[in-house]
Amino acid sequence: RAHGPTPIACCIARSNPGAGIYAVYATQIPDCASSENPGHGIQAGGEGNRVVGNTCRGNGLAGIHVPNLRSGNRIEGNNVTANSIGIDIDGDENIIIANTANANTTNYSIGAGNAYGGIINVAGAGAFASDQPWANLAY
């Protein structure tokens, strides 16, 4: 559990009893790994968090979750695989860009009122091109 604005150092959260990593507000979560937690891999439970460059695999709920009524979070450049939901954004006024998702039951669940790069399914595409530099990819 982190209370901002101090960044969390590179960390590994594995098999914690709830969420692997929980940020309250104005916290940076860069380059961490969260796997095999029964809850969410990373939960941005407050506002103004920056969740960037993380890997979340095999978590029971979402790889990355922003609960309802939470805003101002930046979810960027993360890789989420084999979770129930890859990236689950229930709050609004968040930005979700340049993430990759694979083998989740649902790759992306992004509620209304958020800004996000298009979601492009590139599974089996081989080489691909996109004119959307902020796109979120499913593969």
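Reply: A disulfide is a pair of cysteine sulfur atoms within 2.5 Å. By this rule the count here comes to 0 disulfides. The model is a predicted one, in which local features need pLDDT of at least 70 and side-chain atom pairs count only at pLDDT 80 or more, while totals for chains, interfaces and linings use all residues. Residues are numbered from 1 along each chain as its sequence is written, and side-chain values use heavy atoms, with hydrogens and water left out.

Me: How many salt bridges does a search of the whole structure find?

Reply: Side chains of opposite charge can pair when their charged atoms come close. The rule used for a salt bridge asks for a side-chain nitrogen of Lys or Arg within 4 Å of a carboxyl oxygen of Asp or Glu, and the search of the whole structure finds 2. In one of them, glutamate 36 meets arginine 14 at 3.1 Å, N to O. Glutamate 36 lies in the loop between strand S4 (33-35) and strand S5 (42-44), whereas arginine 14 lies in strand S1 (residues 12-14), so the pair ties together parts that are 22 residues apart in sequence. Glutamate 36 is partly exposed, with a relative accessible area of 38%. There is also a salt bridge between arginine 74 and glutamate 76, at 2.5 Å, N to O; here arginine 74 is partly exposed at 34%, while glutamate 76 is buried at 17%.

Me: In what order do the 7 strands of the open sheet stand?

Reply: Strands of a sheet pair through backbone hydrogen bonds, either parallel or antiparallel. Strands (E, at least two residues) are DSSP runs, as are helices (H or I, at least four residues), and they are numbered from the N terminus; two strands pair if DSSP finds at least two bridges between them. The order in this open sheet is S1-S4-S7-S10-S13-S17-S16, with parallel pairing. S1 and strand S16 (119-121) stand at the edges with a single partner strand each, so one side of each is left without a neighbour in the sheet. S1 and S4 pair in the parallel sense over 3 bridges, and arginine 14 stands opposite serine 35 in S4.

Me: Is asparagine 99 buried or exposed?

Reply: Asparagine 99, which lies in the loop between strand S12 (95-97) and strand S13 (100-102), is buried, with a relative accessible area of 0%. Contact means heavy atoms within 4.5 Å, and, leaving aside neighbours within four places in sequence, the contacts of asparagine 99 include Ile75, Ile87, Tyr108 and Leu137. Asparagine 78 is also among these contacts, and the side chain of asparagine 99 reaches the backbone nitrogen of asparagine 78 at 2.8 Å.

Me: Where does glutamine 28 lie?

Reply: Glutamine 28 lies in strand S3 (residues 28-30) and is partly exposed, with a relative accessible area of 31%.

Technical notes: Buried means under 20% relative accessible area, exposed over 50%, partly exposed in between (1.4 Å probe, protein chains only). A polar contact is a pair of N or O atoms within 3.5 Å; within protein, one must be able to donate a hydrogen and the other to accept it, and residues adjacent in sequence count only if both atoms are side-chain atoms.
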